[in-house]
Amino acid sequence: MPNADLPICLPESSGLKRRSFMLGVPTALMSSALPGAPPAQAQTNIPASSTTRTDIPTRPWKVAFEEHYITPHFDIDRHGGTRRAHRPTVYRNLLDVDAPRIEQMDRAGIQYAILSLNTPGIQAETYPQTAVRQARFANDELRRIVERHPGRLGGFAALPMHDPTAAADELERAVRELGFHAPLVNSFSNLHTDNTVTYLDDPQLLPFWERVQDLGVPLYLHPRDPLPSQQLMFRDRPELLAATWAYLVESSTHALRLITSGLFDRFPRLQICLGHLGEALPFYAWRLSAVYARRVPHSKLKQDITGYLGSNFHYTTSGFFDTAATLEVMDRVGLDRVHFSTDYPWMDMVEGGHWLDTAELGDDDRWRIGRGNAIDLFKLNLPPSA
Ligand code: MN
């Protein structure tokens with residue numbers, strides 16, 4: 001049963017100890033796998049004057065929050081078989097929410113991972129009543145998973161966007177009673193038929209968004225594949241679906257629907273997280289603004305269209321371990337809006353962690369992207385970078 005008194009904060013011991021440990025250890029030694037806990041004597045090696053920027057360890061003890069899982073309950077495909085039959089390695093990792101995953105997190109230098117149900121999750125349910133029931137079930141299951149790993153795993157709520165009031169209520173329950181950090185929605189939701197969908201800019205969802213803003217949590221907008229009826233452009237090229245390219249088209253368009261609907265003028269404190277460095281939107285900002293202004297000369301939006309990219313969106317490096325692209329996004333939207341994540345297990349968690357640890361970034365920036373920004377965004381009870 002959910003317990004409203006249960007703390008959502010993290011134990012502060014491991015982060016502090018790990019950081020103290022690293023402060024006393026030469027950088028070269030930190031490239032090997034990190035131990036679960038520092039040896040007691042290591043803490044005596046902390047230099048007394050370790051407060052200058054040059055003392056910031058190169059390897060942040062990271063927070064990651066586009067990290068996916070599934071349970072046997074959700075591992076059933078439309079034909080009654082298991083999804084894992086098609087992608088055995090990925091699904092084995094999705095289904096693992098215990099020791100092997102924590103071990104990978106140690107190797108990747110990730111202290112805390114916020115888990116989300118693998119795409120499309122609840123969004124693919126056709127009937128609103130089923131979606132409401134399944135979302136509640138998923139969130140209760142996830143609560144039991146994160147309870148087993150305090151200080152290492154946290155939860156994002158799955159929501160039945162098919163029913164705006166139920167979605168708002170389930171979000172509030174997940175945040176207040178289950179201790180979850182935010183919702184993650186896998187783009188559009190099916191509605192009654194396989195070919196009818198609802199997007200998050202539907203006016204019926206305004207009360208939902210009001211509740212999101214009141215709760216003070218961001219919403220992670222994650223991709224899913226377009227409906228089969230919308231896949232003509234991928235005909236004979238199925239390899240371009242999903243994360244290769246179709247996700248980018250789906251999510252960036254969905255984000256632009258939110259912006260152009262005026263949602264952020266109505267609820268200016270709303271924050272949306274986008275994965276994959278913003279699904280190309282930051283790179284396209286200049287042209288978006290220029291062409292939109294030409295096509296909608298009397299727009300009622302309060303900001304230039306891409307102004308919202310710097311005021312209402314956050315960006316993760318999930319599945320996009322490229323330093324030049326990360327620097328470009330930082331330059332476009334501001335350092336405090338860029339966050340580390342890996343997109344595990346669709347991408348290699350250890351590769352992602354190693355990339356951030358060794359990328360040509362200043363150590364201060366590396367700690368902000370790898371840890372400090374996420375602590376601020378989700379108000380985590382963890383010590384900051386330095
Ligand atoms: Mn993902």
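This is a predicted model: local features need pLDDT of at least 70, side-chain atom pairs count only at pLDDT 80 or more; totals for chains, interfaces and linings use all residues.
## Basis and overall make-up

Local features are described only where pLDDT is at least 70, and side-chain atom pairs count only at pLDDT 80 or more, while totals for chains, interfaces and linings use all residues. Residue numbers start from 1 along each chain as its sequence is written.

The protein chain holds 13 helices and 10 strands. These elements are DSSP runs numbered from the N terminus: helices are H or I with at least four residues, strands are E with at least two. Of the 386 residues in the protein chain, 43% are buried. A residue is buried if 20 or more other C-beta atoms lie within 10 Å of its own, exposed if 12 or fewer, and partly exposed in between, with C-beta atoms placed from the backbone. Two residues are in contact, or touch, if their C-beta atoms, placed from the backbone, lie within 7 Å. Among contacts between residues at least 6 apart in sequence, 76% join residues at least 24 apart.

## Helices α4, α5 and α6

Helix α5 (residues 164-176) packs with both α4 and α6. Axes here are lines fitted to C-alpha atoms, for helices over the stretch in contact, and angles run from 0 to 180 degrees between N-to-C directions. The axes of α4 (residues 128-147) and α5 come within 11 Å and cross at roughly 10°. Val132, Ala135, Arg136 and Asn139 of α4 make the contact with Ala166, Glu170 and Ala174 of α5. By class, this contact has four nonpolar, one polar and two charged residues. Ala, Val, Leu, Ile, Met, Phe, Trp, Tyr, Cys and Pro count as nonpolar, Asp, Glu, Lys and Arg as charged, and the others, Gly among them, as polar.

The axes of α5 and α6 (residues 206-215) come within 8 Å and cross at roughly 15°. This pair is therefore roughly parallel too. From α5, the contact uses Pro164, Thr165, Ala167, Ala168, Leu171, Glu172 and Val175; from α6, Pro207, Phe208, Arg211, Val212 and Leu215. Nine of these residues are nonpolar, one is polar and two are charged.

Helix α3 (residues 99-108) and helix α12 (residues 349-358) pack at about 20°, with axes 8 Å apart. They are therefore roughly parallel, and their crossing is right-handed. Gln104, Arg107 and Ala108 in α3 meet Met349, Val350, Gly352 and Gly353 in α12. The contact residues divide into three nonpolar, three polar and one charged.

Helix α2 (residues 88-95) has Asn93, Leu94 and Leu95 buried. The buried residues of α2 pack against β1 (62-69).

## The nonpolar core

The largest nonpolar core has 80 residues. Such a core is a set of buried Ala, Val, Leu, Ile, Met, Phe, Trp, Tyr and Cys residues joined through C-beta atoms within 7 Å. Leu159 and Ile272 touch the most other members. Leaving out residues up to four places away in sequence, Ile272 touches Pro218, Leu219, Leu221, Ala255, Leu258, Asn312 and Phe313.

## Backbone exceptions

Most residues other than glycine have a negative phi, and most peptide bonds are trans. Leucine 277, in helix α9 (residues 276-279), has a positive phi near 55°. Leucine 277 is buried, with 24 other C-beta atoms within 10 Å. Leu277 and Phe320 are touched by alanine 325, not counting residues up to four places away in sequence. Alanine 325 lies in helix α11 (residues 323-333) and is partly exposed, with 17 C-beta neighbours inside 10 Å.

Histidine 192 also has a positive phi, near 75°. Histidine 192 sits in the loop between β5 (189-191) and β6 (193-198), and is exposed, with 12 other C-beta atoms within 10 Å. Two peptide bonds are cis, with omega near 0°: threonine 119 to proline 120, and tyrosine 344 to proline 345. Proline 120 is in the loop between β2 (110-117) and α4. Proline 345 is in the loop between β10 (338-339) and α12.

How values were computed: Angles under 35 degrees count as roughly parallel, over 145 as roughly antiparallel, 65 to 115 as roughly perpendicular and the rest as oblique. A crossing is left-handed if the near helix is turned anticlockwise from the far one by less than a right angle, and right-handed if clockwise.
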